[in-house]
Amino acid sequence: MTVTAQSQLLSFSEARQVVENYAARLSPTDPEIVSLLDALGLALAEGLRADRDFPPFPRSTRDGYAVRAADVAAVPVRLRLAGEIKAGASKEQSDITIGKDETAEIMTGAPVPSGADAVVMVEYAERSGEAVTIQRAVQAGENVVPAAAEARQGAMMVARGTRVTHTTVAIAAAVGRSEVSAFRRPRVAILATGDELVEINLPPGPNEIRNSNSYSLAAQVYAAGGEPVILPVAPDSPDELALLLRKGFDCELLLITGGVSMGKYDLVEQVLASFEAKFLFTGVLIQPGKPVVFGEVVIRDKTAPFFGLPGNPVSTMVTFQLFARPVLDALSGSAPQPLPFARARLTSSFTTKKGLTRFLPARLGGSHEEPNVELIRWRGSGDLMAMSRSNCYLVVPPEQEHFTTGEPVTVLLF
Ligand code: AMP
Ligand code: MG
């Protein structure tokens with residue numbers, strides 16, 4: 001068998017563009033109704049609208065005294081106490097009108113009474129009996145959120161396609177939704193290849209290693225809103241590989257690891273080619289992960305996208321995030337997500353070679369005033385220990401060779 005796929009080696013940006021364009025044409029899975037907390041990590045199949053004004057009444061953001069700003073322009077000034085309004089006060093209890101030189105004691109989250117247009121913090125007021133001395137002037141509107149300022153009744157608060165996080169859950173709860181419509185998790189087949197691999201519940205022979213990639217990928221897939229389907233490990237044999245690939249094409253996305261490099265037993269591309277696969281790229285100028293493959297197969301009247309991720313554990317993780325993630329986002333109904341880049345200063349200098357965009361295990365630290373990033377020593381893309389000490393990748397652009405201490409650099413968060 002020979003590789004019939006034409007070699008298509010792209011730059012990082014080109015390859016990312018290819019997957020983004022591909023993802024834009026995909027349709028998501030079907031929606032289902034799920035209870036609110038079960039929607040965590042899924043993409044919303046409906047928008048969440050305000051069922052009333054937010055806030056529903058002009059809300060005090062402080063404990064203090066509701067006043068007419070004009071009355072306290074010159075301080076100190078004595079006002080007459082007209083009442084007290086706590087959060088959750090009944091309509092009758094809060095039915096106070098603040099007239100000239102009057103005030104009402106008010107608590108955070110309570111409705112600001114009519115007539116008042118600001119709240120003076122309790123720290124700047126002194127009460128003695130029915131008299132309150134205000135020590136500090138306020139602007140009209142200070143410490144008050146007007147009714148409907150955050151959202152008017154009927155307004156869209158969270159768009160369809162938003163991946164549900166604790167924030168989304170808070171809004172759903174605030175609009176009274178214990179169930180929401182969310183897209184079902186797309187099934188993502190995970191196929192590890194290699195004669196050296198044994199399953200994690202079996203003892204490895206002296207020259208064998210345990211299959212960790214199927215599990216790290218399953219974790220990444222689940223976190224990205226997919227349903228991982230781990231297939232048995234494929235040996236480096238074309239027939240058995242073909243059989244398992246066929247199984248994998250049943251899912252909405254197939255992730256293969258290993259067997260995409262230049263070795264004699266790297267059979268994945270040629271076996272995919274025997275399915276008349278269309279390859280969109282067969283390598284990207286990155287490190288780690290250069291041999292990554294992306295394409296699709298038309299089989300049983302449906303199009304099955306696949307990625308061949310290099311088998312080195314760090315390569316598998318990086319290439320999943322860089323390239324497979326946008327496709328999974330689209331299949332799971334999520335709006336496109338940009339890669340989470342950030343900037344930080346380098347803790348020590350280093351030198352590398354030009355030509356590849358590198359994603360090197362690194363640790364973001366420092367303080368909020370001065371975030372910094374430290375490169376983690378590693379023994380190449382098989383070094384899981386280095387990864388476990390990292391919390392980001394330091395991104396090396398292909399044209400840069402020398403990096404100096406204190407220089408601002410780009411990092412990619414996991
Ligand atoms: P390959 O991409 O097949 O050339 O594999 C590259 C390296 O990654 C080799 O050292 C493999 O033993 C290792 N490797 C491949 N697949 C896995 C896996 N599923 N789990 C852990 N290591 C793997
Ligand atoms: Mg291999």
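## A walk through a predicted model

The side chain of Glu142 comes to 2.8 Å from the backbone nitrogen of Gln139. Keep in mind that this model is predicted. Where does Glu142 sit? Glu142 belongs to the loop between S10 and strand S11, which covers residues 144-145. Is Glu142 buried, partly exposed or exposed? Its relative accessibility is 33%, so Glu142 counts as partly exposed. Setting aside residues up to four places away in sequence, Glu142 touches Asp117, Ala118 and Val119.

### The strands around S10

Now look at S10 itself, residues 131-134. Strand S6 (residues 77-85) pairs with S10 in the antiparallel sense, over four bridges. Within this pairing, Leu79 has Val132 of S10 as its bridge partner. Strand S9 (residues 125-128) also runs antiparallel to S10, and four bridges join the two. S9 and S10 form a hairpin with two residues between them. In that turn, Gly129 has a positive phi of about 65°. As you trace a strand, remember a handy rule: in a regular strand, side chains alternate between the two faces of the sheet.

### Ligand 1 and its surroundings

Next, turn to the ligand. How many residues surround ligand 1? There are 17, and the closest are Glu196, Asn211, Ser212, Gly259 and Gly311. The shell divides into five nonpolar, nine polar and three charged residues. The table lists polar contacts of ligand 1 with three asparagines.

| Residue | Part of the residue | Ligand 1 atom | Distance |
|---|---|---|---|
| Asn211 | side-chain N or O atom | nitrogen | 2.9 Å |
| Asn213 | backbone N or O atom | nitrogen | 3.3 Å |
| Asn312 | polar backbone atom | oxygen | 3.2 Å |

On its own, ligand 1 has 480 Å² of accessible area, and the protein covers 79% of that.

### A closer look at Asn213

Asn213 lies in helix H3, which spans residues 213-223. Why does Asn213 count as buried? Buried means under 20% relative accessible area, and Asn213 counts as buried because its relative accessibility is 7%. While a backbone atom of Asn213 lies 3.3 Å from a nitrogen of ligand 1, the side chain of Asn213 reaches the backbone oxygen of Gly311 at 2.7 Å. Gly311 is also among the residues closest to ligand 1. Leaving out neighbours within four places in sequence, Asn213 is in contact with Thr257, Gly311, Pro313 and Thr316.

Notes. Residues are numbered from 1 along each chain as its sequence is written. Chains are lettered from A and ligands numbered from 1 in the order in which they are written. This is a predicted model: local features need pLDDT of at least 70, side-chain atom pairs count only at pLDDT 80 or more; totals for chains, interfaces and linings use all residues. Side-chain values use heavy atoms; hydrogens and water are left out. Two strands pair if DSSP finds at least two bridges between them. A residue is near a molecule or strand if one of its heavy atoms lies within 4 Å of it. A polar contact is a pair of N or O atoms within 3.5 Å; within protein, one must be able to donate a hydrogen and the other to accept it, and residues adjacent in sequence count only if both atoms are side-chain atoms. Accessible areas come from the Shrake-Rupley method with a 1.4 Å probe; for residues, only the protein chains shown count as cover. Ala, Val, Leu, Ile, Met, Phe, Trp, Tyr, Cys and Pro count as nonpolar, Asp, Glu, Lys and Arg as charged, and the others, Gly among them, as polar. Buried means under 20% relative accessible area, exposed over 50%, partly exposed in between (1.4 Å probe, protein chains only). Contact means heavy atoms within 4.5 Å.
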